[in-house]
Amino acid sequence: MKGPREEIIYLPCIYRNTGIEAPDYLATVDVDPKSPHYCQVIHRLPMPNLKDELHHSGWNTCSSCFGDSTKSRTKLMLPCLMSSRIYVVDVGSEPRAPKLHKVIEAEDIHAKCDLGYIHTSHCLASGEVMVSSLGDPKGNGKGGFVLLDGETFEVKGTWERPGGAAPMGYDFWYQPRHNVMISSEWAAPNVFRDGFNPADVEAGLYGSHLHVWDWQRHEIVQTLPLQDGLIPLEVRFLHNPDAAQGFVGCALSSTIQRFYKNQGGTWSVEKVIQVPPKKVKGWMLPEMPGLITDILLSLDDRFLYFSNWLHGDLRQYDISDPQRPRLTGQLFLGGSIVKGGPVQVLEDQELKSQPEPLVVKGKRVPGGPQMIQLSLDGKRLYVTTSLYSAWDKQFYPDLIREGSVMLQIDVDTVKGGLKLNPNFLVDFGKEPLGPALAHELRYPGGDCSSDIWV
């Protein structure tokens, strides 16, 4: 499937540097090579509150999916992971200069849903908007879903039946043709909010299951334990609406798991990719996982991409055979094991030597590849380097001091392969109020990780 060349990208950004007391904001970046403002932030929309932790985003309607000409993607939904607010941003009136349309306050979500710490937003065929939660208002684990009116953005209540929330939450993806939704789980907000503690893993406080929901009845029908599947995060069904399978990236165990529908109508899951840990010295643990934090599928369902935030590499796999993904591209874009850094690799099952630090347009890139977004024609992959501010501060303190970056990778869509564009760099270390952390990337009108066909 082909699409028009993108001209702008929206990115939620936050200031977390010492001494900066500034609101999170939505950055608009020009990515048109013919523009005089190419790879520059051309607009910043500050939010009216502090420390929201803008994280992921979604759309008000599924016009590109369902063909309703009366609907259009004019509003971008910005859920706040820490404050539990939802900002509705008008990107339709002036796409290159978005403006705030409405604020859905946390108190409204708490009162009507008993949910908080919200994360992923998806539009529904009903015209409503659904947003996942990671916890209750007190920060205990609770994987529920906030349902919003798609026109007024009023909080309607929960999507799931009363009392039917999952023990933990994070991402979700639905497929109506198979009457199913799959949701994943990170941890209770009280567990991860201030940083990562290995003891919490030993105590079983991090997620290790997928939840299978009946799409029509709004209830869990299966819970799938994941072998080697700690912290399952991003859920991606194949884009083909007839396909009854997809993938989830498990961050801490650094595996990609394939979930699929059985002939009897139940669902199963199997590990199809394992990134081996590296034995290291000078790090918080004797073994360093890759930490797969984001995955996506090309619109033609041929390639799977994911980022190893700690190891520092971005990977492309051919999934023509979904049960046997084949590595076709790999790039190191920073990371924790670069030469000259504090970490010494003692044993590595994949590399013969530690990778060189990445320098783009004179800037040494801090952090590692994290959020990714692919152009509709599959030829350009965009990458940012911030995960979540408390974990950024812990694992990559340079990110807090220097700000994150946005990079662009050229993709070989015929044979497979990845190549860094050396002329593209958006340096969020040079933002007006100091270094900033840029997170998820979103195209106007839809992209590879927001569109669901029914």
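In this predicted model, Glu154 forms a salt bridge with Lys102, and the closest N and O atoms of the two are 2.7 Å apart. Glu154 lies in the loop between β10 (145-148) and β11 (155-158) while Lys102 belongs to strand β7, so the pair ties together parts that are 52 residues apart in sequence.

**Exposure of this pair**
- Glu154 has a relative accessible area of 38% and is therefore classed as partly exposed.
- Lys102 is likewise partly exposed, because its relative accessible area is 23%.

- The side chains of Glu105 and Arg85 meet in a salt bridge, with a distance of 2.9 Å from N to O.
- This pair links distant parts of the chain, since Glu105 sits in the loop between β7 (99-104) and α2 (106-113) and Arg85 in the loop between β5 (75-79) and β6 (86-90), 20 residues apart.
- Glu105 is partly exposed at a relative accessible area of 33%, whereas Arg85, at 16% relative accessibility, counts as buried because the cut-off for buried is under 20%.

- Glu6 is in the segment before β1 (8-15) and Arg380 is in strand β30 (residues 380-384), which places the partners 374 residues apart.
- Both Glu6 and Arg380 are buried.

**The wider picture**
- Arg161, Asp214, Arg217 and Glu219 are joined in a network of salt bridges.
- In total, the structure holds 33 salt bridges.

Terms used:
Residues are numbered from 1 along each chain as its sequence is written. This is a predicted model: local features need pLDDT of at least 70, side-chain atom pairs count only at pLDDT 80 or more; totals for chains, interfaces and linings use all residues. Side-chain values use heavy atoms; hydrogens and water are left out. A salt bridge is a side-chain nitrogen of Lys or Arg within 4 Å of a carboxyl oxygen of Asp or Glu. Helices (H or I, at least four residues) and strands (E, at least two) are DSSP runs, numbered from the N terminus. Buried means under 20% relative accessible area, exposed over 50%, partly exposed in between (1.4 Å probe, protein chains only).
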